[in-house]
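Biologist: I would like to learn how to read a model like this one. Could you take me through a loop and then a sheet?

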Amino acid sequence: MKKVVTFGEIMGRMASPANLRLRQTREFEVTYAGAEASVAASVCNFGGAARYVTALPKHALAEATMDAVRAVGIDTQYVLRTDNGRLGLYFLETGANQRPSNVIYDRADSAIAITPASAYDWKAIFNGAGWLHLSGITPALSRNAAEATLVAAQKAKAAGASVSIDLNFRGKLWDWDKTKTARELAQETMRTILPFIDVVIGNEEDCHDVLGIRAGDTDVHSGKLDTSRYPDVAKQVIKQFPNVSKVAITLRESLSASHNNWGAMLYDAALDQPFFAPLDAEGNYQPYQIKNIVDRVGGGDSFAGGLIFALNTPELSNSKIAVKYAVAASCLKHSIKGDFNYSTRAEVEALMGGSGSGRVVR
């Protein structure tokens, strides 16, 4: 497969140990991650090739982020090192049972937020690349980051690469234009980027917040989803943006912070057909039941990484198989601490084949 490029911010993740609340915490577990870096990590861990592009300050903590990324085989040669700006941070409080997880962002004036699009060597970045992955998180950071995301999509298309985007609405971040609400700014900005996108990834809330599209009366907070409505959501996305060839919608039923049901739909515009995963023996949608979540942060990114890897791997690229692979990959990620999915392709394919008992492999 050709190299997958991802562009976005990497941060220090400051997590409270175990299930402590942030106000109880006097020390943090520190790792380094961001949505786009997590996607690149998945691609590499499955055996593909990925290049990660971002902007980072010139200091030791930024070097630590690069160590974490390089450790899984990601190409970092086009990471821009800047004299100004800081390393962004986020603080994670992991929920349990009926108490949800909580994230506090500390990302203002980070290096990627203040770096203009013209600072990146886009021609070199897309040399030998076949795919670019973006997210709706990066353009939420600043006007500069939004413009860089748009330019990245345009340059990737000009280079002949396919482009995917995870809508990833983050209401806490969309505040760089004080004349607009977070939702208004997200919709206005993302609609300039989506005409250059081939594959859209999101969940129902993202589709509503970013595109104003709802899945009928489905309530994602009730713990039950009406999956019959999601093909129409995908069709509405494609009607608004005919350049989009596939729409993937993750289907998370949050029964509690520790117990989620998990699956997805991939709508293929060329076939005018939705594909759901996982399925039961009769071919009906039956989500994975994840009853003891270790870490759900990065779950959506692991789905995106699995989908991109599958779509770029001939024997997995069929839409029915690709979504099955992506869902199995992201199901396994819920058992792994940290943002990165360290599952292998063999482990994902074993789960796809029905090996989900968790028995010791000897």
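Biologist: Where does Gln24 lie?

Modeller: Gln24 sits in the loop between strand S2 (11-15) and S3; strands are DSSP runs of E with at least two residues, numbered from the N terminus. This is a predicted model, so local features need pLDDT of at least 70 and side-chain atom pairs count only at pLDDT 80 or more, while totals for chains, interfaces and linings use all residues. Residues are numbered from 1 along each chain as its sequence is written, and side-chain values use heavy atoms, with hydrogens and water left out.

Biologist: How do I read the accessibility of Gln24?

Modeller: Buried means under 20% relative accessible area, exposed over 50%, and partly exposed in between (1.4 Å probe, protein chains only). Gln24 has 45%, so it is partly exposed. Its side chain also reaches the backbone nitrogen of Arg21 at 2.8 Å.

Biologist: And in what order do the strands of the open sheet come?

Modeller: Two strands pair if DSSP finds at least two bridges between them. Here 4 strands follow the order S3-S2-S7-S8, with mixed pairing. S3 (29-33) and S8 (102-106) are the edge strands, each with a single partner, so one side of each lacks a neighbour in the sheet.

Biologist: Which strands pair with S7, and in which sense?

Modeller: S2 and S7 run parallel, joined by 4 bridges; Arg13 has Tyr90 as its bridge partner in S7. On the other pairing, S7 (residues 89-93) and S8 are antiparallel over 5 bridges. There, Tyr90 stands opposite Tyr105, and Leu92 opposite Val103.

Biologist: How many residues of S7 are buried?

Modeller: In S7, 4 of its 5 residues are buried, so to read the strand by that cut-off, it is mostly covered.

Key: Polar contact = N/O pair within 3.5 Å; in protein donor to acceptor, adjacent residues only side chain to side chain.
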